[in-house]
Amino acid sequence: MRYKTWQKVLVIVAPFAVLGALALIARFVLANVTFPPCISLTYLHFYCPGCGSTRAVRALLEGNLLLALRQNLSVPAAGFVALLYYIEFALKIWGVRFRIPPLHNKKFVVCLLGLWFVYLVLRNFIPAIAPVE
């Protein structure tokens, strides 16, 4: 399929425009919003897989990668994987043949999912990797 030049430029510009808009929303709207506490943490006293995700997204939108990694490692990691897929797609649109081999290897993906599961369990027992409340 052949793409027009404006479509190619849109693939490059649109994600940055969306991220900029989200950063402005985080800066001016979410700064004054208080979210309810996690039900799992409140009643069962353990971190669920989503604990810290909202704070991690807020930290990412504010440009604080280290805090986002501390809140929930899954959010920045998923964002990084999405970025790699986006790079592949954008290069394909521009006619460049490029693939990131690990993204298309089932063993690698299963290994990442296994490590993610181990992380989600261990952060309930190791305070250094637990979300900051």
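In helix 1, three residues that are buried are Lys8, Val11 and Ala26, where buried means under 20% relative accessible area, exposed over 50% and partly exposed in between, with a 1.4 Å probe and protein chains only. Before going further, please keep in mind that this is a predicted model, in which local features need pLDDT of at least 70, side-chain atom pairs count only at pLDDT 80 or more, and totals for chains, interfaces and linings use all residues. Residues are numbered from 1 along each chain as its sequence is written, and side-chain values use heavy atoms, leaving out hydrogens and water.

Let us stay with helix 1 for a moment. Helices here are DSSP runs of H or I with at least four residues, and strands are runs of E with at least two, numbered from the N terminus. Helix 1 covers residues 5-28, and its 24 residues reach 35 Å from first C-alpha to last, close to the expected 34 Å; that expected span is 1.5 Å times one less than the number of residues. At valine 11 the helix bends by about 30 degrees, and proline 15 follows within four residues. The bend is the angle between axes fitted to the seven residues ending at a position and the seven starting there. What covers the buried residues of helix 1 includes helix 3 (53-61) and helix 5 (74-93).

With 20 residues, helix 5 reaches 28 Å between its first and last C-alpha, close to the 28 Å expected. Its buried residues are Ser74, Val75, Pro76, Leu84, Glu88, Ala90 and Ile93, and the cover over them includes helix 1, helix 3, helix 4 (65-71) and helix 6.

How do helix 1 and helix 5 meet, and at what angle do their axes cross? The axes come within 9 Å and cross at roughly 155 degrees; they are lines fitted to C-alpha atoms over the stretch in contact, with angles from 0 to 180 degrees between N-to-C directions. The two helices are therefore roughly antiparallel to each other, given that angles over 145 degrees count as roughly antiparallel, under 35 as roughly parallel, 65 to 115 as roughly perpendicular and the rest as oblique. On the helix 1 side, Lys8, Val11, Ile12 and Pro15 meet Tyr86, Phe89, Ala90 and Ile93 of helix 5, contact meaning heavy atoms within 4.5 Å.

Further along helix 1 sits leucine 19, which is partly exposed, with a relative accessible area of 48%.

Serine 53 belongs to helix 3. Setting aside residues up to four places away in sequence, serine 53 touches Asn72 and Val75. The C-alpha atoms of serine 53 and glutamine 71, 18 residues apart along the chain, are separated by 6.7 Å.

Histidine 45 lies in the loop between helix 2 (39-44) and helix 3, and has a positive phi, near 60 degrees. Most residues other than glycine have a negative phi. Histidine 45 is exposed, with a relative accessible area of 64%. Leucine 115, in helix 6 (residues 106-122), counts as exposed at 52% relative accessibility.
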